[in-house]
Structure formats: structure tokens, C-alpha cells
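Subject: Structure handover

Hello,

Please find the structure below, followed by notes on what was found in it.

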Amino acid sequence: MAKKQASSASSSSSPAASISSAAAAATANSKETVAAVANTASSAAAEQAYLVKRLLSSYRTNTPQSLKLIDSYLFFVMLTGIIQFVYVVLVGTFPYNSFLSGFGASVGSFVLAANLRIQINPQNAAEMKISPERAFADFAFASIVLFGFVVNFLG
């Protein structure tokens, strides 16, 4: 009878031992999986950082100064529009005509400057049969018309 109890005890501890060994194996596999995912994530982040550095380096060396100036103006106009939109969301739309005028001026200026950038880009010279001086004159005239409408809409 003692043999039966010992054998039953060993057989009952045997499934527990196999479960704990399976759990240990699963934990080891999950740690390896987590490590592999972490390595993949850090590898992807490193690759993205490399691509951003390469993009900025290429932009600095290959972009003409006139296009960089237009890009900074585009950034300023976009930032102005975002600030106006956030202000209206946070504070309210009491002078609604003022918001529409300012935001419309920001969007219109951005569109006109983006068109100017496209027209004077040397890589687009084959498609654009227009001189940079003419493109700037068109930009200046369209900006005057745009701001005329904006001032008229203010009232």
C-alpha cells in the first residue's frame, strides 16, 4: 500500500513538474520573442533615424537657397494657420469674420507660395515654361488680390 501511495504521489507530481517545465519553456520563449521584437523595434527606429538624417543632409546640400527661403515662408504661414485654428478652438469664434479672414489668408498664402515653389524649382524646368521672375510676379499679384479680398471681408 505504501508503494501505491508513493507511486500515486510521484504520478501526481509528475504532471505538475511537466506543467512547470512547460511554463518555464514558454517563459523562455516569450523572453526570446520579446527580445526579438525589441531588437526589431530598435532596428526599425535606427533605420528611420538614418533615413531622416539622410533626408536632411540631402535637403541641405541639393536644395537651392531660394527654395529654402520659400520653404521657411511656407512653414511660417502653416504655423500661423495652426495657431489661429487652435486659438478659435480654445477661446471661441466671437469675431468670426476675423477668424475666417486670417485663416483664409494663411491658407491662400500657403497655396500661392507652394505654387511659386513648384514653378521656380529647377527640377521642374522642363514642365514649367516660365521664368522665375515671371513666377514671382504672378505670386506677388495674386497675393495682393488675396489680401484685398481678406481686408474687404474684414469689413
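Which residues make up the largest nonpolar core? There are 12 of them: L67, I70, L74, A105, L112, A113, L116, I120, A135, F139, L146 and V150. A nonpolar core here is a set of buried Ala, Val, Leu, Ile, Met, Phe, Trp, Tyr and Cys residues joined through side-chain atoms within 4.5 Å. Buried means under 20% relative accessible area, with exposed over 50% and partly exposed in between, using a 1.4 Å probe and protein chains only. Two or more residues of this core come from each of α2, α3 and α4 (132–154), and α3 gives the most, with 5 residues.

On provenance: this is a predicted model, in which local features need pLDDT of at least 70 and side-chain atom pairs count only at pLDDT 80 or more, while totals for chains, interfaces and linings use all residues. Residues are numbered from 1 along each chain as its sequence is written, and side-chain values use heavy atoms, with hydrogens and water left out.

The protein has 4 helices and 0 strands; helices (H or I, at least four residues) and strands (E, at least two) are DSSP runs, numbered from the N terminus. Of the 155 residues in the protein, 16% are buried.

Helix packing:

Helix α2 (residues 65–91) packs with helix α3 (residues 96–120) at an angle of about 160 degrees, the axes being 9 Å apart. Axes are lines fitted to C-alpha atoms, for helices over the stretch in contact, and angles run from 0 to 180 degrees between N-to-C directions. That makes α2 roughly antiparallel to α3 (angles over 145 degrees count as roughly antiparallel, under 35 as roughly parallel, 65 to 115 as roughly perpendicular and the rest as oblique). The residues of the contact of α2 with α3 divide into 15 nonpolar, 7 polar and 2 charged. In this classification Ala, Val, Leu, Ile, Met, Phe, Trp, Tyr, Cys and Pro count as nonpolar, Asp, Glu, Lys and Arg as charged, and the others, Gly among them, as polar.

For α3 and α4 the packing angle is about 175 degrees, and the axes are 10 Å apart. These two helices are therefore roughly antiparallel to each other. Their contact has 16 nonpolar, 8 polar and no charged residues.

Two residues in detail:

Leaving aside neighbours within four places in sequence, L74 is in contact (heavy atoms within 4.5 Å) with F110, A113, A114 and R117. D71 lies in helix α2 and counts as buried, at 18% relative accessibility. Not counting residues up to four places away in sequence, D71 touches Y59 and R117.

Regards
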